[in-house]
Amino acid sequence: MSRPGSVTLRFLAEPVHVNFGGKVHGGAVMKWIDQAGYTCAAGWTGDYCVTAYVGGIRFLQAIDVGEIVEVRAQLIRTGRTSMDVAVDIYATDPRSTAKRRTCHCVMTFVAIDAQGRPKEVPAWTPVTPVQQALETHAIRLNDIRKSIDQEIESQLRWLDQQPAAELERE
């Protein structure tokens, strides 16, 4: 059986999604990203998956209440127990056919077994030139992420060694 390597979720941006500026709240967008990414990852593996990393979220344009929102999640790399999923969000005025990209990010998911441990995922092989370019992009992002993680860990270790009173000073 072939498993889907992509998913598209569509819905209407509602007034409950509005922020204080009158646009769709970034937190709502991040929730949609996680839902679409999970749906793609779980659909590919056939297993429960957890979000391990969300990186480089780029809010490119605001989404207006009343627009049709399309959240596209696409598998772009598999590892042994993890997979990278690119998520793009588009918005469209329902009276128009013109879609505009409003957000982009890449997420990493890990498949989990019944005991809560990482488990192997089915391998994904890019076929088209676009898929190959996306896999290369995911590999480069993973290398950059490792460097950023090392920097963050170094900073956190340093902060943990500082007296609490020093950190609480305004």
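Reader: Where is Ile152 found?
Author: Ile152 is in helix H2, residues 129-160; helices here are DSSP runs (H or I) of at least four residues, strands are E runs of at least two, and both are numbered from the N terminus. This is a predicted model, where local features need pLDDT of at least 70 and side-chain atom pairs count only at pLDDT 80 or more, while totals for chains, interfaces and linings use all residues. Residues are numbered from 1 along each chain as its sequence is written, and side-chain values use heavy atoms, leaving out hydrogens and water.

Reader: Why does Ile152 count as partly exposed?
Author: Because its relative accessibility is 43%; buried means under 20%, exposed over 50%, and partly exposed in between, with a 1.4 Å probe and protein chains only.

Reader: And Ser96, where does that lie?
Author: Ser96 lies in the loop between strand E4 (82-92) and strand E5 (100-112). Its relative accessibility is 35%, so Ser96 counts as partly exposed.

Reader: How far apart are Ser96 and Glu67 in space?
Author: They are 9.9 Å apart, C-alpha to C-alpha, and 29 residues apart in sequence.

Reader: New topic. Which residue lies over the face of Tyr90?
Author: Arg72 does, at 4.1 Å from the ring centre. A charge sits over a ring if NZ of Lys or CZ of Arg is within 6 Å of the ring centre and within 35 degrees of the ring normal.

Reader: What about Tyr53?
Author: Arg145 lies over the face of Tyr53, at 4.3 Å from the ring centre.
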